[in-house]
Amino acid sequence: MILAGITVAGMSYITDKQANAKAKVDIELLSSAIEKYKLDYGDYPGFAENTDPAGDISEELYNALFYDGWNYKENEVGDETDIYLKELDPRSGKQTWVAK
């Protein structure tokens, strides 16, 4: 019984540590993509006048960092732009950033 408790606690610790490490990597990827976008456009993605009063700019970030570039490359729609964060692709089974 005691051994089972120690094992469960140990597994919980490992799971939490893995989740924290993944979150740090995701934050670094997002930060890098935003900085690359700023280098290209001279400003950060998102439009202050269109921002949700609660401060949620997730759709604007998704469009700026992935969708606009994907849409141009796949369909030649819109202005030519890069895909700054390919991990935002909802077709990828690896991503956990965007609801499918």
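Author: Hello, and welcome! Accessible areas here come from the Shrake-Rupley method with a 1.4 Å probe, and for residues only the protein chains shown count as cover. By that method, the protein chain has an accessible surface of about 7700 Å², and 57% of this belongs to carbon and sulfur atoms. The model is predicted, with local features needing pLDDT of at least 70 and side-chain atom pairs counting only at pLDDT 80 or more, while totals for chains, interfaces and linings use all residues. Residues are numbered from 1 along each chain as its sequence is written, and side-chain values use heavy atoms, with hydrogens and water left out.

Reader: Why is G78 called exposed?

Author: Exposed means over 50% relative accessible area, buried means under 20%, and partly exposed lies in between. G78 has a relative accessible area of 55%, so G78 is exposed. You will find G78 in the segment after α2.

Reader: What is D43 in contact with, leaving aside its neighbours within four places in sequence?

Author: With those neighbours left aside, D43 is in contact with Y37 and K38, where contact means heavy atoms within 4.5 Å. Under the same exclusion, L61 is in contact with I34, P45 and F66. Looking across the protein chain, 35% of the contacts between residues at least 6 apart in sequence join residues at least 24 apart.

Reader: How much of the protein chain is buried?

Author: Buried residues account for 20% of its 100 residues.

Reader: What makes a group such as A33, I34 and Y37 part of a nonpolar core?

Author: A nonpolar core is a set of buried Ala, Val, Leu, Ile, Met, Phe, Trp, Tyr and Cys residues joined through side-chain atoms within 4.5 Å. The largest one here has 12 residues, including A33, I34, Y37, L61, F66, W70 and L88. Both α1 and α2 give at least two residues to this core, and α2 supplies its largest share, 6 residues.

Reader: Why might nonpolar residues gather like that?

Author: In soluble globular proteins, nonpolar side chains tend to be buried together.

Note on methods. Buried < 20%, exposed > 50% of the residue type's maximum accessible area, 1.4 Å probe, protein only. Helix = DSSP H or I, 4+ residues; strand = E, 2+ residues; numbered from the N terminus.
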